[in-house]
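Please keep the sequence and the 3D view at hand while reading.

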Amino acid sequence: MPLSIWPAGQDRTMVRLHFDGCLALPLELVARHAQECDEHHIFAVFEAMDEATCDAIERLVFRHHRRKVAERRQTAF
């Protein structure tokens, strides 16, 4: 996560993720600043996610990845 968008002086913050399928309704998750990656980026850890939320995000990411792979294959021919 870019350090520039993390609230200064805070260990935790609310992260709002907007997905293509539902742009009007963001997924809101509490994130904790875990470590500095470099001078411009941090590693944030999402807290208090239940198993159903984790599974849903994994499925969403997998479908998005498969869609991108299929698009690349179509443009390669």
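Buried means under 20% relative accessible area, exposed means over 50%, and partly exposed covers what lies in between. Arginine 12 has a relative accessible area of 42%, so arginine 12 is partly exposed. The model is a predicted one.

**Overall form**

- Of the 77 residues in the protein chain, 10% count as buried.

**Salt bridges between strands**

- Five salt bridges are found in a search of the whole structure.
- One of them joins the side chains of glutamate 47 and arginine 12, at 3.0 Å from N to O.
- This pair links distant parts of the chain, with glutamate 47 in strand S3 (residues 41-47) and arginine 12 in strand S1 (residues 12-19), 35 residues apart.
- Glutamate 47 also forms a salt bridge with arginine 32, and here the closest N and O atoms are 2.8 Å apart.
- Arginine 32 belongs to strand S2 (residues 22-38) and glutamate 47 to strand S3, so this pair ties together parts that are 15 residues apart in sequence.
- Glutamate 47 counts as partly exposed because its relative accessibility is 22%.
- Arginine 32 falls into the partly exposed class as well, because its relative accessibility is 27%.

**A salt bridge within the helix**

- Lysine 68 and glutamate 71 meet through their side chains in a salt bridge of 3.8 Å, N to O.
- Both residues lie in helix H1, three residues apart, which is about one turn of the helix.
- Lysine 68 has 35% relative accessibility and therefore counts as partly exposed.
- Glutamate 71 has 37% relative accessibility and is therefore also partly exposed.
- Elsewhere in the chain, salt bridges with shared partners join Asp11, Arg12, Arg32 and Glu47 into one network.

**Negative patch**

- Asp50, Glu51, Asp55 and Glu58 form a negative surface patch.
- Glutamate 58, one of these residues, is placed in helix H1 (residues 51-76).
- The relative accessible area of glutamate 58 is 56%, so this residue is exposed.

- Most residues other than glycine have a negative phi.
- Alanine 48 is not a glycine, yet it has a positive phi of about 55 degrees.
- Alanine 48 sits in the loop between S3 and H1.
- With 87% relative accessibility, alanine 48 counts as exposed, because the cut-off for that class is over 50%.

Note on methods. Residues numbered from 1 in each chain as written. Predicted model: local features only at pLDDT ≥ 70, side-chain atom pairs only at ≥ 80, totals over all residues. Heavy atoms only, no water. Patch = residues over 30% accessible without salt bridge, like charges linked within 9 Å, V, L, I, M, F, W, Y side chains within 5 Å. Areas by Shrake-Rupley, 256 points an atom, 1.4 Å probe, with all protein chains shown as cover. Salt bridge = Lys/Arg side-chain N within 4 Å of Asp/Glu carboxyl O. Lys, Arg positive; Asp, Glu negative; His and termini not counted. Charge placed at Lys NZ, Arg CZ, Asp CG, Glu CD. Helix = DSSP H or I, 4+ residues; strand = E, 2+ residues; numbered from the N terminus. Buried < 20%, exposed > 50% of the residue type's maximum accessible area, 1.4 Å probe, protein only.
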